[in-house]
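The following exercises concern the packing of one protein chain. Please examine the sequence and the structure before reading the solutions.

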Amino acid sequence: MIYLDQAATSFPKPREVVQAVAQALNRAGSSGRGGHELSLAASRLIFQARLTAAEFFRCSDPSRIAFTANATESLNLALFGLLEPGDHVITTAQEHNSVLRPLFLLQRQGVDLTILPADGRGVVDLAALRRALRPATKAVVFTHGSNLTGNLMDLDVVLHFCRQHGLVSIVDAAQTAGWYPYNLAEQSIDILCFTGHKSLYGPQGVGGIYVRSGLHLRPLKVGGSGIQTFSREHPQEMPEALEAGTLNTPGIAGLQAGLDYVQNQGLKNIVKLEADLTRRFYQQVTEIPGVVVYGDFQVWERLPIVALNIKGVEASIVSRLLAERGICTRSGGHCAPLLHQALGTGEQGAVRFSMSHLNSRAELDAAVEALQNIAQEYGGKGHG
């Protein structure tokens, strides 16, 4: 099997991650729910994982990082916890449904929404930020890296704009956490939302949210916290304010192991290897007759993603034919409907090849050969 669906979830997981999850299942209870050894072991594990996450993202206060189920929950916490009827928020056509659907729901509840368009390469013109600004603008929410095209948003430009106009910056780092070297102690990021199962190499079902000091979010859920039991109000202090209920201790253990794995491998090493693989793959597939590639490849600072189609063949059929050859990709809409509209792929969707340093040149060469064979056999025949 050749796994080229790393943007959905990384695979295979590092051995250290698997071991950490298993050990937590065998040795840890519920954090903050008792004074016995199993409960204390869970508390120590979560505390250490929080310290590790803070060090990884260079956050000076570990309590500002709360653990969640994934980036989707983190983004919901940020958007529903911050925005109110009458507020105005700016986002982009590059966004994942984890941003768009909460915003569309908030729009129906009275929040004003502006979506910056993307061009045919999936690039958002950030000069439009200034034109979108209003007196009621409260926040800008944006994905740092597109899960469909691999295009990066210019983080510095958006953060400078937010800082200049007193807006809350909400960064969707689902694809970039573990790939980009965030420095929360120096960057003016107000809220960072991340997941553990992609470029952090942790298990599914765990992620996190960073909220800068002085910014308060209304919790999505309230309940057990292990502290202040006799209060009718949920604790307002971070991180308990956003961590109601029993935490996913095995998942958090796996996340910590994933963070350690990335640190040990070195971000620069990972990015270089993945850039080399992506460039090699891109250069080969663009030589295949009938293949159309999407995204901005004039800039090589980008995620290791190549989305494409074969003219005349439905994306789902291409992905199925690849799967029959043992090559795992993703086809369809990729939860990015507005970006597909900008790319002109609203009906066909796209086949996404997403790699990591876990892949080899030989695997990518085999994928290119398979794609070439499919294009020769099916391209231009109107299949699907």
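A nonpolar core is a set of buried Ala, Val, Leu, Ile, Met, Phe, Trp, Tyr and Cys residues joined through side-chain atoms within 4.5 Å. The model examined here is predicted.

**Exercise 1.** Identify the residues with the most contacts inside the largest nonpolar core.

*Solution.* Step 1: the largest nonpolar core has 65 residues, and those with the most contacts inside it are Phe 57, Val 140, Tyr 182 and Leu 192. Step 2: helix 7 (residues 249-265) gives the most to this core, namely seven residues. Step 3: a separate, second core of 29 residues includes Val 306, Ile 310, Val 318 and Leu 322.

**Exercise 2.** Determine why helix 3 is described as largely enclosed.

*Solution.* Step 1: helix 3 (residues 71-82) has twelve residues and reaches 16 Å from its first C-alpha to its last, close to the 16 Å expected. Step 2: buried means under 20% relative accessible area. Step 3: eleven of the twelve residues of helix 3 are buried, so the rest of the structure largely encloses it. Step 4: the buried residues pack against elements including strand 2 (65-68), helix 4 (97-108) and strand 5 (137-143). Step 5: at the N-terminal end, Asn 70 caps helix 3, with a side-chain oxygen 3.3 Å from the backbone nitrogen of Thr 72.

**Exercise 3.** State the strand order of the open sheet formed by four strands, and locate its edges.

*Solution.* Step 1: the order is 9-10-13-12, with antiparallel pairing. Step 2: strand 9 (291-294) and strand 12 (330-332) are the edge strands, each pairing on one side only. Step 3: strands 9 and 10 pair over four bridges, and Val 293 stands opposite Leu 308 in strand 10.

Terms used:
Residues numbered from 1 in each chain as written. Predicted model: local features only at pLDDT ≥ 70, side-chain atom pairs only at ≥ 80, totals over all residues. Heavy atoms only, no water. Buried < 20%, exposed > 50% of the residue type's maximum accessible area, 1.4 Å probe, protein only. Helix = DSSP H or I, 4+ residues; strand = E, 2+ residues; numbered from the N terminus. Expected span 1.5 Å × (residues − 1). Contact = heavy atoms within 4.5 Å. Polar contact = N/O pair within 3.5 Å; in protein donor to acceptor, adjacent residues only side chain to side chain. Pairing = 2+ DSSP bridges.
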